[in-house]
Amino acid sequence: MIFLTMALSGLLGLGSAGVSAAEAVEGSAKSDKLEQCVEPTSVMRRNHFEFIKHQRDLTVHEGIRGSKYSLAGCVDCHAKKDSSGKFVPVNEEGQFCDECHDYVAVDLKCFECHATVPREK
């Protein structure tokens, strides 16, 4: 439903009129080539913040890293590239995180500390 709303907003020119959205190449994110996220899409839409918060607690308090619910994993999979092959930050206007968070009027605090593009490997 959210993606349908975002698609309609895009067609109407609402909410994604930023320059960055136009520069991102559709189909360039890893997630564009996958059939499913680490959980079914409906579960991720509803619970992703709980998964990320739980992973944060495990990492910060117990030193456990590498969970399938890591924020770095989200960014690695959902960041799109521009026409020059550079990643577009997931929190820029019109990008993966911004579109839904903007729609539901929730401020993104994750990226005050965390990277918005995949790290070079």
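Predicted model: local features only at pLDDT ≥ 70, side-chain atom pairs only at ≥ 80, totals over all residues.

User: What share of the residues of the chain count as buried?

Analyst: A residue is buried under 20% relative accessible area, exposed over 50% and partly exposed in between, using a 1.4 Å probe and protein chains only. Here 30% of the 121 residues count as buried. In helix α5 (residues 96-103), the buried residues are C97, D98, C100 and H101. As a general idea, an α-helix has 3.6 residues a turn, so residues three or four places apart point the same way.

User: Which residues make up the largest nonpolar core?

Analyst: A nonpolar core is a set of buried Ala, Val, Leu, Ile, Met, Phe, Trp, Tyr and Cys residues joined through side-chain atoms within 4.5 Å. The largest one has 6 residues in all: L71, V75, A79, V90, C97 and F111. C97 also belongs to the buried residues of α5.

User: Which residues does A79 touch, not counting residues up to four places away in sequence?

Analyst: Contact means heavy atoms within 4.5 Å. Not counting residues up to four places away in sequence, A79 touches S28, A29, F87, V88, V90 and P118. A second case is T116, which lies in the segment after α5 and is buried at a relative accessible area of 17%. Leaving aside neighbours within four places in sequence, T116 is in contact with V75, V88, P89, V90, N91 and F111. For the chain, among contacts between residues at least 6 apart in sequence, 61% join residues at least 24 apart.

User: How is an aromatic pair described, and how many does a search of the whole structure find?

Analyst: A pair of aromatic rings is described by the distance of the centres and the angle of the planes. Rings of Phe, Tyr and Trp (its six-membered ring) pair if their centres lie within 6.5 Å; planes under 30 degrees apart count as stacked, over 60 as edge-to-face and the rest as tilted. The search finds 1 aromatic pair. F51 and Y69 form this pair, which is stacked, with 4.2 Å centre to centre and 15 degrees between the planes. F51 lies in helix α3 (residues 41-62) and Y69 in the loop between α3 and α4 (71-78), so the pair ties together parts that are 18 residues apart in sequence. F51 is buried at 17% relative accessibility, and Y69 is buried with a relative accessible area of 17%.

User: How many salt bridges are there, and are E26 and K80 buried or exposed?

Analyst: Side chains of opposite charge can pair when their charged atoms come close. A salt bridge is a side-chain nitrogen of Lys or Arg within 4 Å of a carboxyl oxygen of Asp or Glu. The count is 4 salt bridges. One of them joins E26 and K80, with the closest N and O atoms 3.0 Å apart. This pair links distant parts of the chain, 54 residues apart: E26 is in the loop between α2 (19-23) and α3, and K80 in the loop between α4 and α5. E26 is exposed, at 61%, whereas K80 is buried, at 17%.

User: Where do K68 and E39 lie?

Analyst: K68 and E39 meet in a salt bridge (3.0 Å, N to O). K68 lies in the loop between α3 and α4 and E39 in the loop between α2 and α3, so the pair ties together parts that are 29 residues apart in sequence. K68 is partly exposed, at 48%, and E39 is buried, at 18%.

Technical notes
Residues numbered from 1 in each chain as written. Heavy atoms only, no water. Helix = DSSP H or I, 4+ residues; strand = E, 2+ residues; numbered from the N terminus.
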